[in-house]
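Here is a short report on one protein chain. Keep the structure in view as you read.

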Amino acid sequence: MTFARTADPATTASHAVGAATELFRSLTGSDPVGVWSAPGRANLIGEHTDYNDGFVLPFAIQHRTAAAARLRTDGRIRVASTFAAEPVEVALDDLETLFPSDGAPRVAEWAAYPLGVAWALRALVPAWAAGTFAGVDIAIASDVPVGAGLSSSAAIEGATGAALNELWGLGLDPVALAQAGRRAENEAVGAPTGIMDQMASTLGQADAAVFLDCRTLDTRAIPLGFAEAGLEVLVIDTGVKHAHSTGGYRERRESCERGAAALGVAALRDVAVADLPRAAELLDEVDFRRVRHVVTEDQRVLDTVAALAAHGPRAIGALLVASHVSMRDDFEISIPELDTAVDTALAHGAIGARMTGGGFGGAAIALVDHDRVPAVAEAVRVAFAEAGFAEPHLFTVVPSAGPHRDV
Ligand code: ADP
Ligand code: MG
């Protein structure tokens with residue numbers, strides 16, 4: 001049985017913290033001065049709405065990325081990760097040159113995440129130019145599955161940002177750290193993602209989701225009450241890796257931009273469900289379906305927030321399923337493994353299920369009665385075997401807190 005019972009958040013955090021500390025010691029021969037960690041996230045609902053100025057409802061999970069760090073005196077930054085073969089070291093003054101605005105980063109892609117955060121923090125802190133920042137060594141380890149749609153990218157950005165925020169005495173709030181993470185991902189890595197993941201990670205709270213208006217960046221903690229209702233969130237990680245920096249994600253964004261331009265609005269956030277017939281007249285068939293997904297998904301997020309408040313988590317199942325169908329048929333970002341995961345979970349008693357994350361791979365989530373979790377997990381495993389898919393990775397996630405200093 002490959003299904004792991006709900007992890008103890010304290011245990012998973014200490015795993016990454018311990019591994020980062022160990023890596024730091026082997027890298028530098030000394031102890032870090034501190035270890036900071038930040039969570040990955042699962043998106044309950046609201047997919048591909050973030051870069052359309054819309055609404056999302058993610059929650060931080062107990063899986064975390066840890067950054068063990070210590071200042072150095074020579075103005076250089078070195079990053080290492082258990083995920084990568086080689087550390088990368090560069091002078092802080094040369095960070096700029098690693099991330100040309102018109103091309104791929106001149107550094108191993110993984111290192112563009114933490115180095116990109118360091119670079120992005122400069123824009124927020126004018127004192128940088130005066131050379132007041134010491135160099136730093138950072139060693140990173142993570143419990144967040146990479147490329148599974150659980151935002152290992154926001155976790156590494158959040159952990160790096162939390163470490164630098166304290167070591168450099170920047171005093172930035174969680175929203176500013178989220179913005180630095182997004183800038184790193186967009187401009188240093190070159191992945192045109194929205195700000196949802198970073199906000200979900202930096203503003204995470206136990207037992208709550210982050211309701212985020214991606215236009216105003218207003219947030220509200222939305223109590224989820226899963227445990228109280230006897231529900232668990234089962235993650236079905238298909239193991240199929242996606243990469244945000246390539247193809248399909250960018251094409252979807254371009255469809256959305258064309259849709260907004262044709263409709264004469266700043267972003268698809270400004271289009272109501274009632275406006276869709278007009279969109280159908282103005283857009284080609286494919287762009288229209290992309291637009292319909294985003295517009296209806298925004299409404300489903302609002303409906304989910306309302307349903308949670310009025311009736312609790314058992315009332316949101318149909319909205320999760322409608323979200324999946326929209327992503328499968330209109331936005332066309334699902335894959336057979338994700339559809340099998342969702343269909344099988346629902347057939348075996350899940351209250352709701354949908355793919356989560358940017359699509360083209362990654363994970364699905366299913367909202368399942370506590371007692372039924374093993375049966376649903378087993379059914380998914382069997383269905384994957386019968387379809388000839390790789391064995392999925394099954395585990396439950398718990399809405400958890402944002403970044404903090406662990407040591
Ligand atoms: P997701 O955020 O869904 O996991 P992304 O493609 O957005 O997937 O981000 C994954 C990328 O982030 C990895 O390919 C790697 O470059 C970087 N990354 C994430 N976690 C780590 C880590 N612990 N160490 C080094 N790089 C990491
Ligand atoms: Mg990501």
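## Confidence in the model

This is a predicted model. Its average pLDDT is 93 over the chain. A score of at least 70 is reached by 94% of the residues.

One stretch needs care. Residues 1-8 have a pLDDT below 50. In the model, this stretch still has 27 contacts beyond near neighbours in sequence. Where pLDDT is low, the predicted coordinates should not be read in detail.

## Where the domains meet

How many residues of domain 1 are in contact with domain 2? There are 47 of them, and they touch 57 residues of domain 2. Between the two domains, an area of about 4000 Å² is buried. Carbon and sulfur atoms give 60% of that area.

Polar links cross the interface too. The rule finds 19 residue pairs in polar contact between domain 1 and domain 2, with both residues at pLDDT 80 or more. Now look at the side of domain 1 that touches domain 2. Five elements each supply at least two residues to this side: β1 (34-45), β2 (55-72), α5 (174-189), β6 (208-213) and β7 (219-223). Strand β2 gives the most, with 7 residues. By type, the residues on this side of domain 1 are 21 nonpolar, 15 polar and 11 charged.

## Salt bridges

Side chains of opposite charge can pair when their charged atoms come close. The structure holds 25 salt bridges. Between domain 1 and domain 2, the count is 3 salt bridges.

Find Asp213 and Arg269 in the model. Their side chains meet in a salt bridge, at 2.8 Å from N to O. Where in the chain do Asp213 and Arg269 sit? Asp213 is in strand β6. Arg269 is in the loop between α7 (247-263) and α8 (276-282). The two residues are 56 residues apart, and the pair links distant parts of the chain.

Note on methods: Residues are numbered from 1 along each chain as its sequence is written. Chains are lettered from A and ligands numbered from 1 in the order in which they are written. Side-chain values use heavy atoms; hydrogens and water are left out. Contact means heavy atoms within 4.5 Å. Buried area is the accessible area (1.4 Å probe) that two parts lose on being put together, summed over both. A salt bridge is a side-chain nitrogen of Lys or Arg within 4 Å of a carboxyl oxygen of Asp or Glu. A polar contact is a pair of N or O atoms within 3.5 Å; within protein, one must be able to donate a hydrogen and the other to accept it, and residues adjacent in sequence count only if both atoms are side-chain atoms. Helices (H or I, at least four residues) and strands (E, at least two) are DSSP runs, numbered from the N terminus. Ala, Val, Leu, Ile, Met, Phe, Trp, Tyr, Cys and Pro count as nonpolar, Asp, Glu, Lys and Arg as charged, and the others, Gly among them, as polar. pLDDT is the predictor's confidence in each residue, from 0 to 100.
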